[in-house]
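Try each one before you read its solution.

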Amino acid sequence: MNKRITVIKGDGIGPEIVTQAMRVLDVIAEKYGHTFEYQEINAGGNAIDLYGVPLPEESLQKCLDCDSVLLGAVGGPKWDHVEPARRPEKALLAIRKAMGLYSNLRPAKIFPQLADASPLKPSIVAEGIDFIIVRELIGGIYFGKRRTEEIDGQMVANDEMTYSEEEIRRIAKVAFNTAKKRGGKVISVDKANVLDTSRLWRKVMEEVAKDYPDVTLEHMLVDNCAMQIVKKPSQFDVVVTENMFGDILSDEASMITGSIGMIPSSSLGDGTRGLYEPIHGSAPDIAGKNLANPIGTILAAAMMLKYSFDMDEESTAIEAAVEKTLDQGFRTGDCMSEGMTRLGCIEMGDKIIENLR
Ligand code: IPM
Ligand code: MG
């Protein structure tokens with residue numbers, strides 16, 4: 001197959017980790033007889049430096065005109081002073097919106113090899129951590145109206161949170177379909193004791209649940225969920241939630257698996273074209289030092305093969321190569337533990353490629 005991949009290396013550690021993922025993809029292409037054509041674009045802080053805007057029109061066009069997008073990370077303190085409308089993160093939000101990527105899947109699965117690196121008690125880890133967060137990605141407070149104005153001599157800021165039934169219904173379907181293929185249990189997370197958007201969320205979840213008699217639905221308040229994730233993570237199979245709750249809970253969920261550096265994510269809409277990225281940020285403090293963990297991005301590339309290109313075997317081969325590398329005791333600094341061998345970003349890429357061949 002011939003696939004066109006738009007590549008956003010981005011800022012901070014982005015270029016280092018994406019480079020390793022592209023090397024892995026090249027090996028897959030060679031082994032399985034595919035052609036991956038890359039079109040690299042600027043987006044985020046690097047685009048601000050070059051063009052004065054986080055997402056030049058041409059970059060956005062290349063996201064809309066490709067088979068999928070692979071992204072490292074965008075942003076960093078260098079652009080903290082930039083006016084809100086031009087911040088690097090704006091690029092990511094605009095791409096998600098323009099591509100219609102309403103469903104963001106973020107797995108929280110512990111690699112047994114990394115159990116030591118989890119900050120949770122071994123007894124809790126031993127019960128198992130294997131769930132997936134389905135985050136609504138292009139609605140809610142992230143995309144509501146915003147304004148800051150002076151009222152009665154003081155500044156007042158306002159961010160609007162809106163959800164329509166249709167926006168909730170389509171993400172609910174993704175969650176139930178995902179649960180059908182997994183443990184058959186959806187926990188919908190909201191703040192229905194306070195928010196109207198959450199009360200509508202609950203109602204629509206209940207309606208959609210009727211079409212999935214083999215999947216169970218429970219509701220959980222977001223504050224309780226934050227607690228339950230560290231108290232008893234084994235109870236979760238599929239967690240579905242709105243945009244901002246999902247942002248927060250997915251960072252928490254990734255941490256208990258041992259390293260935020262290991263977790264990939266997919267963002268999809270109604271078609272097969274998606275955006276794939278690690279869930280961590282641009283880590284400017286370690287950028288350019290060959291310290292970053294490329295595994296999250298490499299696994300994101302594996303997700304792209306599976307979900308967007310229907311290349312299950314190829315995807316599984318990458319996952320197996322990563323597992324094998326961990327089995328061999330190789331670690332980057334973020335998930336290092338006693339007795340393991342510490343590698344840099346490039347060397348980790350080398351090992352995974354060696355195992356893939
Ligand atoms: C994420 C990030 C983004 C988000 C930021 C960079 C806008 O935190 O993908 O989780 O909040 O969605
Ligand atoms: Mg986040």
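**Exercise 1.** Find what Ser-250 touches, leaving out residues up to four places away in sequence.

*Solution.* Keep in mind that this is a predicted model. Start by locating the residue: Ser-250 sits in helix α9, residues 243-256. With sequence neighbours up to four places away left out, its contacts are Arg-106, Ile-133 and Ile-279.

**Exercise 2.** Decide whether Ser-250 is buried or exposed.

*Solution.* The cut-off for buried is under 20% relative accessible area. Ser-250 comes out at 3%, so it is buried.

**Exercise 3.** Work out which backbone oxygens the side chain of Ser-250 reaches.

*Solution.* Take Gly-246 to begin with: its backbone oxygen is 2.8 Å from a polar side-chain atom of Ser-250. Then check Asp-247, whose backbone oxygen lies 3.2 Å from the Ser-250 side chain.

**Exercise 4.** List some buried residues of α6 and say what the buried residues pack against.

*Solution.* Among the buried ones are Ile-168, Ile-171, Val-174 and Phe-176. For partners, the buried residues of α6 pack against strands β4, β5, β8, β9 and β10, plus helix α7 (196-209).

Technical notes. Residues are numbered from 1 along each chain as its sequence is written. Chains are lettered from A and ligands numbered from 1 in the order in which they are written. This is a predicted model: local features need pLDDT of at least 70, side-chain atom pairs count only at pLDDT 80 or more; totals for chains, interfaces and linings use all residues. Side-chain values use heavy atoms; hydrogens and water are left out. Buried means under 20% relative accessible area, exposed over 50%, partly exposed in between (1.4 Å probe, protein chains only). Helices (H or I, at least four residues) and strands (E, at least two) are DSSP runs, numbered from the N terminus. Contact means heavy atoms within 4.5 Å. A polar contact is a pair of N or O atoms within 3.5 Å; within protein, one must be able to donate a hydrogen and the other to accept it, and residues adjacent in sequence count only if both atoms are side-chain atoms.
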